[in-house]
Amino acid sequence: MDECDIAIVGAGVAGLAAAAQAAREGWSTLCIERLAPGGQILNAEAIANFPAQDEPLAGWDATPRLQDEAEAAGAVLALDEVSAIAPHAGGYTLETGAGPVRARAVIVATGATHRRLDAPGAADFEGRGVSHCASCDGPLYRGKRVVVVGGGDTAFDEAATLARHASHVSIVVRGEPRAQPHLVAHALASSNVTLLTGAQVGEIVGEAGVTGVRLEGEAAGPRLLACEGVFVAIGSTPNSALAQRLARLDADQRIVAEEAAPGLFAAGEVRAGCRALIPDLMADGEAAARAAGAYLKSTG
């Protein structure tokens with residue numbers, strides 16, 4: 001059975017930052033990822049807010065930097081899936097495809113899954129005009145027309161960010177906006193932002209890239225709205241199932257880290273209160289690693 005001081009479940013931005021920090025502090029650190037290191041940033045065409053980077057950086061270029069930093073510090077990365085986490089005397093047992101792993105402390109950094117737009121073309125153009133991150137991909141659409149789909153806080157935040165880059169931003173809301181009024185006002189204060197209520201995207205069309213969306217539900221009937229990018233902001237689903245018996249989950253099913261079992265920590269989008277911006281995710285991972293290290297020191 002493999003053993004380590006700190007096991008980290010998930011090798012996205014928060015997980016890799018946690019692995020680097022934990023290893024730098026001298027703890028034996030195992031970071032387990034079921035798909036590929038990097039998580040959701042692998043799909044980002046350009047990241048404008050990556051630390052110590054002046055120019056936008058592609059997600060597939062940013063990931064090796066984070067992975068190299070963690071491994072250089074001494075963390076071990078394993079491609080495997082954790083199916084369960086159970087407490088045992090002095091720590092936790094993680095059930096993986098390769099067998100059980102024992103850890104004195106566990107950091108859950110499993111992230112969240114963006115809710116996908118259920119419309120023809122949405123999956124086909126993922127990463128080729130369909131995005132979920134304005135701060136990551138917004139600079140790629142400088143001078144271009146974009147559509148934001150969603151009516152909550154995130155959608156209007158995305159629209160305000162995109163307004164600084166795009167020639168025009170159309171916000172498509174199925175009903176009426178659910179976002180906080182000040183966020184709606186802030187986004188609509190930009191002269192290049194238009195709000196389209198009572199509409200929905202019935203299809204995303206294009207060839208090599210997105211060329212438009214087919215709108216449905218408007219009083220005038222279906223129409224084609226030209227655009228080069230579609231930003232989907234209809235929420236996300238936290239990947240918190242592994243921790244549901246070990247920590248309290250909030251109304252959005254995110255882990256309330258302050259109410260987790262001793263030795264269990266959370267970082268990144270799966271944690272209640274963490275923003276999904278790369279600098280925040282990195283800081284959150286590092287904070288979780290420091291907290292885990294302090295816990296191990298206190299328990300001997």
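In this predicted model, the largest nonpolar core comprises 30 residues, and those with the most contacts inside it are I6, I8 and I107. At least two residues of this core come from each of strand 1 (2-9), helix 1 (13-24), helix 2 (59-73), strand 6 (99-108) and helix 6, with helix 1 giving the largest share, 9 residues. If neighbours within four places in sequence are set aside, I107 is in contact with I6, A7, I8, V9, A18, F265, A267, A288, A289 and A292. Apart from this core lies another, of 22 residues, which includes A103, V106, A247 and V270.

The aromatic rings can be taken next; a search of the whole structure finds 2 aromatic pairs. In one of them, the ring centres of Y141 and F231 are 5.4 Å apart and the planes stand at 75 degrees, so the pair is edge-to-face. This pair links distant parts of the chain, since Y141 lies in the loop between helix 3 (134-137) and strand 9 (145-149) while F231 belongs to strand 15 (residues 229-232), 90 residues apart. Y141 is buried, with a relative accessible area of 5%, and F231 also counts as buried, at 1% relative accessibility.

F265 is buried, with a relative accessible area of 16%, whereas Y295, at 23%, is partly exposed.

Conventions:
Residues are numbered from 1 along each chain as its sequence is written. This is a predicted model: local features need pLDDT of at least 70, side-chain atom pairs count only at pLDDT 80 or more; totals for chains, interfaces and linings use all residues. Side-chain values use heavy atoms; hydrogens and water are left out. Rings of Phe, Tyr and Trp (its six-membered ring) pair if their centres lie within 6.5 Å; planes under 30 degrees apart count as stacked, over 60 as edge-to-face and the rest as tilted. Helices (H or I, at least four residues) and strands (E, at least two) are DSSP runs, numbered from the N terminus. Buried means under 20% relative accessible area, exposed over 50%, partly exposed in between (1.4 Å probe, protein chains only). A nonpolar core is a set of buried Ala, Val, Leu, Ile, Met, Phe, Trp, Tyr and Cys residues joined through side-chain atoms within 4.5 Å. Contact means heavy atoms within 4.5 Å.
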